[in-house]
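Q: Hi! Could you walk me through this structure? I'd like to go spot by spot.

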Amino acid sequence: AAALAAVAAGRCNLARHHLVPLSDSVVTLWQSRQRDSLLAGCDGPWRQSLVIDVVTGYRPSLSDRARQAELRLQPGSRLHGVCVTLGGLCDPTGRFTVSGRRDSGIDLWVQLQLRHRYRAGTKWDLDLSPVLFRRHPSRAGHHGQGAMLRAEAWRHLPRGKRLYLLAETGMAHFRQGDPRLAFDHSHRRARVALAIPHGAGLVSHIGYSRRRVRSGWLDLRGRRTDYRLDIRPRARASFWAGIGVDRAGQSGPGLLAGSRAQILQAGMRLRTRYLSLVFRQERRSERFTEPLAYLATPHRARTVVHGVDIIPDLSGKTNLKVVVSLDHRKIS
């Protein structure tokens, strides 16, 4: 009410004093749209902000590959047949050791995002974000850089429902240790999701997304269907659980097997006076469509990830946000 009176009197600085501190985390959706409508009357509907993300941490594999140092050839596999055919050149019953240095190391990603936000208190909200990023790992030969353009839109529907739309395109260049493995790729991504509130503190999210990555040696196509339920019984505690199905198909000179995966996720967020704690778990069961060269039949892979995020509360003091994440990953 104070901001409305200030806008009516032409005192926009006083209106900003009342409205700017009201972040989306402390007001309802209806109140945030009223706030955006009043700010748009003073400053226009478009707002610009510069976001700099710096992410660093230890990665077991800078190439994002699970390293298997030793393997046996399964009878009936392609490599086993080659060894039998070639006679004494290789032993089909022996063990094969994959040589090469470990590609673990400290990874540093720097991302620059210039966000253009359209907030007018209408039924549509829009974000347009050009993004530049560069990768600086501690181990030489694994760097990368790229650029992308991301567009996001939210449509406010009756009874608190929200429709979310995303479209993204970009190009990048990466190296994987060996100069011969350097590659350029382009990607496209699209997503549509619907948020459906069921009452106080209970919201369902239903989503569908598609992705396409093209490079000189691989053409990747994927689609994902997912569902997540958010539960907020108290202001300082929230829970979520979700399920998803991910289908991937791959082709090109670097032919890899396609797969179908089922994903289960669950998590909890606790807010205290000084920090927030996020506990999360993901279980992924993946079935591949073709066998690897040393296996006779397609295999299954089970991945379990346990993680915790520690987020100090710096609100009101600075525009800096700090997140410390710890993950334990097991692949079977």
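Q: Thanks! Leaving aside neighbours within four places in sequence, which residues is Gly242 in contact with?
A: Gly242 is in contact with Tyr227, Arg228, Ile263, Leu264 and Gln265 once those neighbours are set aside. Contact here means heavy atoms within 4.5 Å.

Q: Before we go on, what kind of model is this, and how is it numbered?
A: This is a predicted model: local features need pLDDT of at least 70, side-chain atom pairs count only at pLDDT 80 or more, and totals for chains, interfaces and linings use all residues. Residues are numbered from 1 along each chain as its sequence is written, and side-chain values use heavy atoms, with hydrogens and water left out.

Q: Good to know. Where does Gly242 lie, and is Gly242 buried or exposed?
A: Gly242 lies in strand 11, residues 237-251. Strands are DSSP runs of E with at least two residues, helices are runs of H or I with at least four, and both are numbered from the N terminus. With a relative accessible area of 14%, Gly242 is buried. Buried means under 20% relative accessible area, exposed means over 50%, and partly exposed is in between (1.4 Å probe, protein chains only).

Q: And what separates the C-alpha atoms of Gly242 and Gly41?
A: Those C-alpha atoms are separated by 40 Å, and the two glycines are 201 residues apart along the chain.

Q: Switching to salt bridges: how many are there?
A: The count comes to 16 salt bridges, where each is a side-chain nitrogen of Lys or Arg within 4 Å of a carboxyl oxygen of Asp or Glu. One of them joins Asp107 to Arg59, with the closest N and O atoms 3.1 Å apart.

Q: Nice, what does that pair tie together?
A: Asp107 is in strand 4 (residues 105-118) and Arg59 in strand 1 (residues 46-59), so the pair ties together parts that are 48 residues apart in sequence. Asp107 counts as buried at 1% relative accessibility, while Arg59 is partly exposed at 22%.

Q: Which residue does Arg280 form a salt bridge with?
A: Its partner is Asp327, and the closest N and O atoms are 3.0 Å apart. Arg280 sits in strand 13 (residues 275-288) and Asp327 in strand 15 (residues 324-331), so parts 47 residues apart in sequence are tied together. Arg280 is partly exposed, with a relative accessible area of 24%, and Asp327 is partly exposed too, at 46%.

Q: What about Glu286 and Arg284?
A: Their side chains meet in a salt bridge at 3.6 Å, N to O. Salt bridges that share partners join Arg211, Asp246, Arg284 and Glu286 into one network. Glu286 counts as buried at 15% relative accessibility, and Arg284 is partly exposed at 21%.

Q: Now the helices. At what angle do helix 2 and helix 3 pack?
A: Helix 2 (residues 12-19) and helix 3 (residues 29-43) pack at about 150°, with their axes 10 Å apart. Axes are lines fitted to C-alpha atoms over the stretch in contact, and angles run from 0 to 180 degrees between N-to-C directions. The two helices are therefore roughly antiparallel to each other, a label for angles over 145 degrees.

Q: Which residues meet there?
A: Cys12, Arg16 and Leu19 in helix 2 meet Arg35, Leu38, Leu39, Cys42 and Asp43 in helix 3.

Q: Last one: where is Arg159 found?
A: Arg159 is in the loop between strand 6 (144-156) and strand 7 (162-176). Arg159 has a positive phi of about 60° although it is not a glycine, and it is exposed, with a relative accessible area of 79%.

Terms used: Angles under 35 degrees count as roughly parallel, over 145 as roughly antiparallel, 65 to 115 as roughly perpendicular and the rest as oblique.
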